[in-house]
Amino acid sequence: MNKASTLSAITIFFSVLLGWLIIANTTINFFDAHHDKQFENIKESTMSTSSQAIRLPLWNYDNVYIEQILDSILFKSFEDVVVAISLENNKNKELSYRSVDRFKEHTFSSLSSLSYIETLSRNIEFKGRTLGRIRIAFSKEPLLKELSEFSSKFLIFGVMMAIVLSFFITYIMRSLLTKPLAEIANEASQIHLDFFNVKLKRYKLKELNELSASFNKAMKEISQRGVELGQQNIHLEKLVEERTSELDKQRMNNFEGSRLASLGQMAAGVAHEVNNPLTIIRSHSQKLSNELEEFNQPKLQERAQKIVKTVDRISSIIHGMRAFSRDGRADNKKNFPIEPFVLNLKSLCENMVKSKDIFFDVQFEKGIQIFGNETQLGQILINLINNSIDALEHVEEKWITISFSQAEKLTSIRIKDSGRGIPEVVRKKIMEPFYTTKEINKGTGLGLSISFGIIQAHDGHFYVDGDDPNTLFVIELPRVIV
Amino acid sequence: MKKIFILLSFIVCFSSVAGEKLVRVGAYHFPPFFFANTQKSSGLTIDIIKHLNKSQSNLKFVLVETSPKRRYEDLNNGVYDVIFFESPDWSWDKKYIDVSNVFLTGGEVYIAGKGKPQSYFEKLSTKRIRLIDGYHYGFLDFSTEAKVLKKWNLSFTNTHEGNIKSVVNGESDIAVVTKTFLNIFLNKYPDVRKKITISKKLDQKYLHRVLIKKDSHISISKMNSILKSLVKDGTLSKIEKNYR
């Protein structure tokens, strides 16, 4: 028996006992009052019966009959309350006295002094004469003894009933409440983060049954929620993986950008360092050409002039490199004229396309101003030209054209080559980072995605025009009218 | 005049009451001499008292009922003054009483069951005998002492009729009954006569006297005088005849 059951048994025992004591007190009081009344009735009826019964024998002095009657009164009294009886004649002479054994030593008068003895006297009247008197001593002892025995039995029964009831109720409570609660507690203790498959059985007690049903419902919902959470977790993990992958790509992007920027800086540095000797070479070559002209050495002068032109060309290339290879991410967007921009572009690309037998042409309207980051836009175009060069490697007819046009609100740059266009499947992914159709180690797959990001930063659009039979990239930039 | 008349009437009345001395006559159930009855008692004693109260004015006789055993102390205690139909042999202490002359005789007979010979009454010691409590019987030498009574097979009652019926019913062998009462009973229940045997032998012969308490209002001579006149004028005989 656990502590709760013991406490409940003790509580029930004392509750029942207390209740029984109250009932016992009331009942005993009732019986006490009943006994008092009964005692009074016995006294009255005994006195009345005795005085009636004794008068004729006393009249006749029928001593045998008198003794019989007195014995009958004494020994056959109701509840044995008559303990002594005395018969006197009309001269107060005691004719007969008898008592029960326990009062044999007493006289009738001495009996009267005992606290629990009551004596009554009644004259015996017959034929108009007082024949004498009968005196009877009544003891309340038998009734008190009976009451005492009754009280004892009542209390013993109460204690026994309290014990039986407390065990019975405790057993019932244990069966209906304590044990199921312990089971519920035990089942509940098995619940942990990964285990909710706990099901409570049905119980007899309605409230516990409802608790069990609610518990089971909650467990079921938690279990379902766990499954859903698991699924969400898988989804989140997938999402995290995707996001991590994207971050990796972004990091690679940044890394590639940084790498390109470093290369650009290095190229710019090289260009700067090369530019000074080139200036000296050109200056001396020009001097040499002038002197050869003075010395009328046309062939040598022609060669010197070739050196000058070659140096100019190198300078132009270096200028282009300086213009487009630097890290332009920190540059502010601004309006810049298209002519020098195209010149630099051509300087950088002409040799590449010529070496691949590709026709290269740039068309533009004079006076066009483009608003943007000149360096980044130049890098985008060089990247696109490089892509076209790679794409046209196995194409028979090879050409690349770049056209700049300006509408009311847009400046459009169209880069077109003689390729047969880009399939739709590829078109959908072509702007995504690390997507490349090039052979391994030939492309990072970042060029177009970086370009796409730069154009978005210019509030422009960058897309492949699928409707064109050739490969056509279109850059649309908002026009800024100065 | 009117006042004188009232005064004279008062004196006459007073003197009349003052001169009438009360004589209390004790009687116990002793049929036919006294039938004690809760409704209306009767018997020779009552008839004699009535006659005496009619025939003279000096004494006022009133009946005081007693019982056979109580009659002695009642006399001694002054409950009554005289008692009729008595015998000084019936346990009386003669120092307290005066005894009148015999004014009537009678007797008690034995009765037994039907067809008993007279010899049946010769030996009573073996018989179951039914008697009246407080009475005195000849075969017991008028003793009422326990040591005497316990030698016999006796049973005592307070009913004469019951004793006769006990013999008829076989509950007792013999009953002792006053002869005059037996006649009255047999007249009332004639069928019983065939069912019993009556002894010719008397248990005792009554010599009825009046016993007078020594210091009572009436003297023995006065009583004897009254009795003598009752016998002489045939009143007693006349009264007795009613109970035969």
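This is a predicted model: local features need pLDDT of at least 70, side-chain atom pairs count only at pLDDT 80 or more; totals for chains, interfaces and linings use all residues.
Glu228(A) is partly exposed, at a relative accessible area of 40%.

## A loop-to-strand pair

A salt bridge also joins the side chains of Asp468(A) and Lys416(A), at 3.1 Å from N to O. This pair connects distant parts of the chain, 52 residues apart: Asp468(A) is located in the loop between β10 (461-464) and β11 (471-478) of chain A, and Lys416(A) in strand β9 (residues 410-417) of chain A.

With a relative accessible area of 15%, Asp468(A) is buried. Lys416(A), at 22% relative accessibility, is partly exposed.

## A helix-to-strand pair and its network

Glu118(A) and Lys43(A) are likewise paired in a salt bridge, in which the closest N and O atoms are 2.3 Å apart. Distant parts of the chain are linked here: Glu118(A) lies in strand β3 (residues 117-126) of chain A and Lys43(A) in helix α1 (residues 3-60) of chain A, 75 residues apart. Lys43(A) is buried, its relative accessible area being 4%, whereas Glu118(A) is partly exposed at 33%.

Through salt bridges with shared partners, Glu40(A), Lys43(A) and Glu118(A) belong to one network.

## Overall count

Over all chains, a search of the whole structure finds 24 salt bridges.

Key
Residues are numbered from 1 along each chain as its sequence is written. Chains are lettered from A and ligands numbered from 1 in the order in which they are written. Side-chain values use heavy atoms; hydrogens and water are left out. A salt bridge is a side-chain nitrogen of Lys or Arg within 4 Å of a carboxyl oxygen of Asp or Glu. Helices (H or I, at least four residues) and strands (E, at least two) are DSSP runs, numbered from the N terminus. Buried means under 20% relative accessible area, exposed over 50%, partly exposed in between (1.4 Å probe, protein chains only).
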